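Trainee: I am new to this structure and would like to learn how to read it. Could we go through it together?
Mentor: Gladly; let us look at it first.

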Amino acid sequence: PRLLLRGGGSGSALLRSNEGAEAECRELQARLERVRLETAELERECPAEAEAAARERLECRELRAELEAEQRCATRSEHEEASLQDEVEAAKAREWRLKGEVEAALERNAGLEEDCAAASAEATRAPPPPPARRSRRSPR
C-alpha cells in the first residue's frame with residue numbers, strides 16, 4: 001500500500017521509503033518461501049534419514065557382537081594353543097628321557113653280548129667236564 005501525501009518534498013521521500021520497504025518486504029517473502037520449501041524437503045527426507053541411521057545403528061550393534069564373538073574365539077584359540085604347546089614340550093621331554101633309556105639299554109645289551117661272547121669263547125677253550133657218574137641204588 002502506498003501512502004500519498006501532499007505537500008511537496010516530504011511526500012516524495014515517504015514514497016521512496018515506502019517503495020523501498022515494499023521491495024524489502026517482497027524479498028523477505030521470497031526468502032521465507034524458499035525456507036518453507038527447504039524445510040518441507042528436509043522434513044520429507046528426515047524419516048528416511050532417521051530410518052537409515054537406525055539401520056546403521058543396528059548393523060553396528062550386530063558387527064560389534066560379531067567382533068566380540070571373534071575376540072572370544074581368538075582368546076580360546078590362544079589358550080588352546082598354549083595348552084597344546086605345553087603338551088608338545090612334555091612329549092619332547094618324555095621322548096628325550098625314553099631315548100636316554102634306550103641308549104642305556106643298548107649299552108647294557110652290548111656289554112652283556114660282549115660278556116656272553118667272552119664266556120662262550122672261554123667255554124669252548126675249556127676241557128670238557130668229566131662224565132657224570134651214575135649212582136646206583138640198591139633195592140632195600
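Mentor: The accessible surface of the chain comes to about 13300 Å², with 55% of that area belonging to carbon and sulfur atoms. Accessible areas come from the Shrake-Rupley method with a 1.4 Å probe, and for residues only the protein chains shown count as cover. This is a predicted model, where local features need pLDDT of at least 70, side-chain atom pairs count only at pLDDT 80 or more, and totals for chains, interfaces and linings use all residues. Residues are numbered from 1 along each chain as its sequence is written, and side-chain values use heavy atoms, leaving out hydrogens and water.

Trainee: How many helices and strands are in the chain?
Mentor: Helices (H or I, at least four residues) and strands (E, at least two) are DSSP runs, numbered from the N terminus. Here there are 1 helix and 0 strands. Glu-38 lies in that helix, α1, which covers residues 9-125.

Trainee: What share of the residues counts as buried?
Mentor: Buried means under 20% relative accessible area, exposed over 50%, and partly exposed in between (1.4 Å probe, protein chains only). Of the 140 residues, 2% count as buried. Cys-116 is exposed because its relative accessible area is 53%, while Cys-73, at 34%, is partly exposed.

Trainee: How many salt bridges are there in the whole structure?
Mentor: A salt bridge is a side-chain nitrogen of Lys or Arg within 4 Å of a carboxyl oxygen of Asp or Glu. The search finds 4, including Arg-55 with Glu-51, whose closest N and O atoms are 2.9 Å apart.
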